[in-house]
Amino acid sequence: MTTPHPTPYPAPFFTPDPKAAARSRIADFARWAARHQGAEGVDEPTDYEALHRWSVTDLEGFWEAVWQYFDIDTTTPYEHVLAEETMPGACWFPGATLNYAHHAVRNLHPDAPAITALDETGAGYEITGRQLRAQVASVAATLRDLGVGQGDRVVGYLPNTPHAIIAFLATASIGAVWSVCGQDYAPKAAADRFAQLEPAALITADGYLFNGTTHDRRTASLELAAALPTLKGTVLVDHVGLTWPEGEPSGLVVAWEEAATRVEHLAIAPVPFDHPLWVVFSSGTTGLPKGIVHGHGGVLLEHLKTLGLQCDLGVGDRLLWYTTTHWMMWNLVVSTLLTGATTCTYEGSPAPQARPDILWEQAARHRVTVFGASPQYLLAMAKLGIEPSSVHDLSAVRVIGCTGSALPASTYPWVRDHVGEGIQLASTSGGTDVVSGFAGSAPTTPVWAGELSAPNLGVALAAYDSEGTPVRDQVGELVVTRPMPSMPLYFWNDPDGSRYRDAYFGAYPGVWRHGDWITHTSHGSVIVHGRSDATLNRNGVRLGSADIHDIVERLPEITEALVIGAEEPDGGYWMPLFVVLAEGTVLDDGLRDRIRDAIRAGASPRHVPDEILAVPALPHTKTGKKLEVPVKRLLQGAAAEQVLNPGAVDNPELIAYFARLGAERKKRSTDHT
């Protein structure tokens, strides 16, 4: 794999305003840590590199500082910060009892909005801090009446509306364990996840809104309830105004209106630091989804650090980040409440045909300070010719966060020119596995186009070569060499921990291997090249798929691209590039030549594909990630049922399409032989 750009490195694309950086919460934290925690080397509060160095060198001192700075409330105190530093198995803050839900509501002003509920029609309503506490208390009491107790599981089949946040906080407040997925999942796909948990209660909605259509999910909800035999009760949410059938589902049934409007005192149960908070699931594309369990305390600390320090969120701020309930960004959106800021839920398409700029319109109307989306969303805005700042007052926006895949360098000038010159474009990379980020930005970091500014605080990130040696300015495996509080407690139904160890610690014992190719540059930034298990290996040279996608997706004629490297039975190597064309575009020889020339100039001749093929669309996970490895296996002739679960794919019809391409190529190869 080639070095992303030659030295000397370019000047930063964006440099924070020194006065704004000095006023930021992360600078305040640095001053506090130097004064109270003896943070070694942190002499200048806006010196992010020094702060990060201390955060991973003195791991216990750093996390204790986060604990004290954010004034974590406990019923019983901790005995040590880190009793055992092992991976897996690190033991954080033993002895401490607390509750995430308490911290989510404690900083909310009773009469200020805690949640702003938005949708693609432009409609919206607010829930104040007082109203949120009351509804959480009411739903918690309802769950107790249904027989839900500490350690039981409550699952949600819900769109991204306040109902999901309220249900989650109610679940956490009684020490039960939460899991949720969106209603675009088929009942079987949802049951593949939830049935593993043997849930005691289901909270489900009658439907959801997307791209101008109301989707009726009453039948799907009833099918899901029937597939969960351990349910003690079901709460039915009347969200889109459809009438539930009489007598369905069986068992105890409560309407949301009744569940959320009781007059109750919010009684929050203290639980151990590592008590399970929620179960999030892997995509499940290649088998039964893995249930990843995170704890109350680890999530609390990690999200306060990420949102309060890296994102600079606090009282008076508003966050709007486009997500679905089954993507880990939903968990971070909820955790905005920990900082005292207002969180926004959004239901619908991010760019509905009728109003493709609706997210920008909502951000302007509600004075959003941190706006978040995916790289594909920003690329689509540019290609649609959307001019957000020309139409909307986005002066309140301070940061645009972006995650889900590598953010192309071409997007940075578009944000500067069409959204706002003083806005920091903060590309981040992390994972459901730690329900947080490994690298990103902060108010005190510069930004280089196409790069993540730095590893996040408390993340001992490195790039390892094939020998397990840290390298700079060359491509290596993303690893984390010291524990993070939000690393999984365990996988669900993995009693001996073998699946957990194999997933992250098989390559480098005692070191977390995440599965991404990165370059850790000598100026401290991180460049993500794509999944290491989808590496292109052409004539022994490793190439990053994201490097090619970045270049091709800049072309106005291309909506999306996917490059695959497939080893063939005869020892050959086939590297096709699949492109989704913009409306009205034809893939002729001229466009093929422009694509090849762009790749050759932007990367290298080695990156030029063997073939360029137009396809109607590309398959993704439900959270929007391209299915590189499954498509590769389909093209190699593997049977679709052996490759992936259709229920985990956003467009299952594409499985058959790529399987047919693989079968046709295999037949041609056989005929030729």
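## Cysteines

Cysteine 402 counts as buried, at 0% relative accessibility. This is a predicted model. The closest cysteine sulfur to that of cysteine 402 belongs to cysteine 311, 13 Å away. That is too far for a bond, because a disulfide needs two cysteine sulfur atoms within 2.5 Å.

Cysteine 344 is buried too, with a relative accessible area of 0%. The closest cysteine sulfur to that of cysteine 344 is again in cysteine 311. The distance is 14 Å, too far for a bond. Across the whole structure, the search for disulfides finds zero.

## Fold and dimensions

The protein has 22 helices and 35 strands. Along the principal axes, the C-alpha atoms fill a box of roughly 70 × 65 × 55 Å.

Consider contacts between residues at least 6 apart in sequence. Of these, 70% join residues at least 24 apart.

## Burial and surface

How much of the protein is buried? Buried residues account for 59% of the 673. Cysteine 344 and cysteine 402 are among them.

## Charge

The protein carries 50 positive and 76 negative side chains. The centres of the two sets lie 2 Å apart.

Key. Residues numbered from 1 in each chain as written. Predicted model: local features only at pLDDT ≥ 70, side-chain atom pairs only at ≥ 80, totals over all residues. Heavy atoms only, no water. Helix = DSSP H or I, 4+ residues; strand = E, 2+ residues; numbered from the N terminus. Buried < 20%, exposed > 50% of the residue type's maximum accessible area, 1.4 Å probe, protein only. Contact = heavy atoms within 4.5 Å. Lys, Arg positive; Asp, Glu negative; His and termini not counted. Charge placed at Lys NZ, Arg CZ, Asp CG, Glu CD.
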